[in-house]
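Morning, everyone. I'd like to walk through the strands of one model today. Please have a look at it first.

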Amino acid sequence: MMLVIMSTLIADDPYAGSEMPFAADPTPVRLDGVTKHYGHGRGRVTALDNVSLAFGAGSFTAVLGASGSGKSTLLQCAAGLEKPSSGSVHLCGTDLNSLSDRQQTVLRRKRVGFVFQGLNLLPELTIAENIALPLRLGHRRVQRAGIADAAARVGLNAAQLRRLPSELSGGQQQRAAIARALVSRPEVIFADEPTGALDPYTATSVLNLLRETAQGTTVVIVTHDPQVVRFCDQAVFVYAGRIESVVPSPEPDAVAAWLHEYGARAAGGSSSYNGGAQ
Ligand code: ADP
Ligand code: MG
């Protein structure tokens, strides 16, 4: 995964300095009948099974489900980091099938931000250099004030900007990762378990921050933490590669109950919520 993200960051940009002719779209992320298989023959796994979903401009969505249900695959297909076996994905108004790998890389770099659980920051770069990375790789002007502004929005000060990631706490590193995702002012931010390594208090403050700073940006967060939905407009529940339901304004308690039930089903066990019904 890290390798894919890194290649997204460092691949050559044949369009450096010029704006790509991508159209704006009221639905910046759309999946139509997306199926994704891994492997072949008997070892074939269907990670996504005919998934159709749309994420409206400025929406803030949690994608929830048990481990192995296909959440990360959904996010990676939506971001073009994995190619669907069938179906199509529109990202920022463009059908990814119509773009070469390199054009997809450019689209992601200019218009999409990523926040992941681990290995988010390059260890040998300072926090300021890490935050500036998407701009540098996109051959865009890096202004010290812009970096300081992005850092200030996530509560990092000038002294912390000069440090290496290993010199900051986990919560501060994740703040820096959010600043890096925001610095290029993307239309879409994809986050896979962004708070998975954090304690509940720090996780809550990081999510609050993402919610506040990403106003107007379409945000898709993969998580198995029911508390995340407190910050979301809608929850998408995934089970065995399919969308079980899309719930507007979800309540954490109802989400926890759902996860309990489907987690038990996925594990092949019974559940106190459905009495073990299938
Ligand atoms: P989640 O993020 O919900 O835990 P994933 O999307 O990672 O689920 O995985 C869904 C299914 O696809 C799982 O059965 C997993 O083992 C399988 N899978 C995911 N990535 C790969 C891969 N690169 N190669 C083979 N199987 C994979
Ligand atoms: Mg996952």
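Start at the hairpin. Strand 4 and strand 5 form it, with two residues between them. In that turn, look at C92: its phi is positive, about 50 degrees. Keep in mind that this is a predicted model.

One contact to find on screen: L91 has T94 as its bridge partner in strand 5.

Now stay on strand 4, residues 86-91, and turn to strand 1, residues 29-38. These two are antiparallel, and five bridges join them. Here L91 comes up again, as the bridge partner of V29.

What is its strand order? It reads 6-7-8-3-9-10. That is an open sheet of six strands, and the pairing is mixed.

Which strands stand at the edges? Strand 6, residues 112-116, and strand 10, residues 242-248. Each has a single partner strand, so one side of each is left without a neighbour in the sheet.

Is the pairing of strand 6 and strand 7 parallel or antiparallel? Parallel, over five bridges, with strand 7 covering residues 188-192. To locate that pairing, pick F116: its bridge partner in strand 7 is D192.

One reminder while you look at these strands. In a regular strand, side chains alternate between the two faces of the sheet.

Terms used:
Residues are numbered from 1 along each chain as its sequence is written. Chains are lettered from A and ligands numbered from 1 in the order in which they are written. This is a predicted model: local features need pLDDT of at least 70, side-chain atom pairs count only at pLDDT 80 or more; totals for chains, interfaces and linings use all residues. Two strands pair if DSSP finds at least two bridges between them. Helices (H or I, at least four residues) and strands (E, at least two) are DSSP runs, numbered from the N terminus.
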